Every structure is written in C-alpha cells, then in structure tokens.
Amino acid sequence: MADLLTCNSVPLMDVQCNWDEVIRQPGSKFWVSCKRRGERTIHGTLCCDGTHIDNSFTLTSIRQRAITVDCAAAQHSATFVCPTKTLQLHDGKLLDMDISPSGALGVCASDNGRLWLWDTNTGENKCTLEGHVMDVLTCRFFPSGMVVLSGGMDMRLRIWSVHDGSCPRTLYGHHGAVTETTMIDRGRNIISVSKDGTARLWDCGSGQCIDTVASLDCPINSCSLASSALACASAKEKPSEPECGTSDKLLLLACEDGSARAYDVSSRKLLLTFGIGNEPVTTAAFISEESVLCGCADGDLVKFDLRKTSECISSYSIGAGAVYSLLYMGDGRVVTGHGDGMCTCWNLQHFSNSVVRLTGPDIDHITAVRNAADNVYCSCRDGNVRRYSIADFT
C-alpha cells in the first residue's frame, strides 16, 4: 500500500437483524456482538426493557426506529437504525438500484435479465424492462429522470424509456460484462466500464462508441466522474461532435489489480495511479475536489489526496466484508454497503465514535446505496430494497 498518514480502526458491532420487531414484544431479548479485527468476538444479549443479561453490553438509548448500544469491553458504541419501509421487489437477487432525481421512482436490476421501475413510496411495480440476457449488473437514471441506462453480463448497454418501457438504443462494443456506468452532464455522452478492462465513451443519440478512454489488463469494477482542475489543466482543445462536456472531467476507475486510476476524459490520458494493495478495489468515489475514497475487497476504506499520489491520507479499517457500494452524503458522512450484509454510516471526520448501522439484511450482499430527499435506500441480494430516514442517523 502507498505510504499511510493516518490509520483508523473501529470494532464491528452487530445486532440481530429483526431487533426492531423483537423489542416490541414484552419479555423478549435479542443478541448483540462486537469484534475488533484480529481479536475474539464478544457476544451478549439484551432485553427489550433495556436491561442486559450479562455485563458486556448496555442499551443506552431507545427511540422509535433506533437504539444505541455500548460495549464496555471494547470501549465502543453504535447506533442501530431500522428501515422505515421494506419493499419486496423480487423473489431472486437484486444486483443494483437507483433512485430518480425527483425521488419518486426507483429502478432495480436483477439476476434474470430484467429491470423493474417502482414507486418509492408504495413499492408498486410501474414497468418491467426486458431485453438483457443473464445478470443485469448496473442501472442508472439519466438526469431527466425519464430515461434509464443499464448494462450487464451480456456485454450490452441498453437505454430505456421510463414512459413506456421501450428500448430505443442498444450499445454494443464491450467484450466482457458491463460493471458500471456514469453520465456526463445531462447524459448526451456516457461512460461505461467493464470486466474487459476498458472504459468506453458513448454517444447516446447514435448509439456509437466515440472512443476508448482507458484500456487496462485487468477488470474494472467501478467508476466515478467529477469535474476537476486537473482535467482542465490536461485538456488541450475543446472536444468535437459528437463528444461534448468532457473537457473538465476526471474519470476514477476502481480496478481488480488493487489500484485506482484517474483519467482525463478529454485527452484520454492517465493522470494518477493510486496503488492500494493486493486486494481488489471494488468501488471508488470523489468526496471533494481534492480527495477520493476507495472501498476494497478486504472491507477497508482508503482516502487519497489527488495532489499527493504517493501517499494516502487515511485508511479506515472496518472489519466488515468487501465494500460494494459507497455513498458520500456531502457532509463528511459516508454510507458503505458490504458483501456480508453490513450497511454502515460513518463520519470520516469523527470516525471512531460515529458509527450508525442500518439494519434489516441478515448476511445477504448489499448491492447499492442511494439517497434521495431525506432518505437512504439500500438494495440487497435478498430481493428487498430498504428505506431509512436520515433523521434517525443522529
């Protein structure tokens, strides 16, 4: 790993996934646990009236949809938040999810080649989008909220109408599964990344691939796009039609070989490489104009400064499963979704004492975390999307 300035580590506290149901039953009890990486797990049991059966844990706060638990032995506490609503959308696996800019509609991708458009309030299925073969790995609303972009194991990208479910464009060119997409400005151009190791720039109007932004010798797991002064400094001239809006864009790639790389989209130049370690980088996101956050297969988060590529600012050792989804909420807080069902909100500025666990999933993979208005939505391989109120996080 690159030189490290600050290493942050917190114990992993867990609770019975249906604690919110159990706590309403007089005389009932539920289990809790706490484990610091490399140490034995501390187990305990709490009663619904706030008393504890052993001295390991104390229930210090009970609210309508949240409890706070202290573990004296680990000198650590966590707040557990239950969902305001659980939407059963599929009897199989949900592999990705997005929420429209208005917050009224959601879209989910499944393991059977289909996508669903659904009402975020009721969970009612508005439309089924059919056309992909095998797993659909990524889905995104365009900024208008009226069009959806998807990609999957069939190596194709599809553009869908929210109005009638039609697919006016299918984009061909990748030679491996499409793992994620991102949109440039209003979505006239888009970028897709794939297990074939390429990041491709597309013109949505014609459905043609404009160019290959990056071509690597390893799969690309995820991508993120942002405007950056670094890209502006690298750009030599204004892009020509049909390319548009790329002159100030920096593309961040999370790579299977344990690195994250940043490309100037306009010039197609590799500007920065962050060597993180031997574990694959599973997801990455810009969290400011100067810094990026990477999630790894070992469950750790690593923060890098775009101005100092030889060192990472901080690493955050969580002790959970692989980080598959990362949502930066813009106020120092990050929500991470993990491969072991953990979904957690962290404050990067006060990492050790600000842990909020979003409960409901058992051990099923969290596939996507999104926010809209005052809510956070999490999709899971158990076929459910869970909605949480951000007001319950504090």
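Is Arg65 buried, partly exposed or exposed? Select Arg65: its relative accessibility is 22%, so this residue counts as partly exposed. Keep in mind along the way that this is a predicted model.

Asp392 sits in the segment after strand E35 (384-389) and Arg65 in the loop between strand E5 (57-62) and strand E6 (66-71), so the pair ties together parts that are 327 residues apart in sequence.

Next, pick Arg268 and Glu243. Here's another salt bridge, with the closest N and O atoms 2.8 Å apart. Arg268 is in the loop between strand E23 (259-264) and strand E24 (269-275), while Glu243 is in the loop between helix H2 (229-234) and strand E22 (249-255). Both of these residues are buried.

Move on to Arg261 and Asp257, whose side chains form a salt bridge at 2.5 Å, N to O. Arg261 is buried at 14% relative accessible area, whereas Asp257 is partly exposed at 34%. The structure holds 18 salt bridges.

Last stop: the surface. Val133, Met134 and Met153 form a nonpolar patch there, with about 260 Å² of accessible area together. Zoom in on Met134, in the loop between strand E12 (125-130) and strand E13 (136-141); at 47% relative accessibility, Met134 counts as partly exposed.

Notes:
Residues numbered from 1 in each chain as written. Predicted model: local features only at pLDDT ≥ 70, side-chain atom pairs only at ≥ 80, totals over all residues. Heavy atoms only, no water. Patch = residues over 30% accessible without salt bridge, like charges linked within 9 Å, V, L, I, M, F, W, Y side chains within 5 Å. Areas by Shrake-Rupley, 256 points an atom, 1.4 Å probe, with all protein chains shown as cover. Salt bridge = Lys/Arg side-chain N within 4 Å of Asp/Glu carboxyl O. Helix = DSSP H or I, 4+ residues; strand = E, 2+ residues; numbered from the N terminus. Buried < 20%, exposed > 50% of the residue type's maximum accessible area, 1.4 Å probe, protein only.
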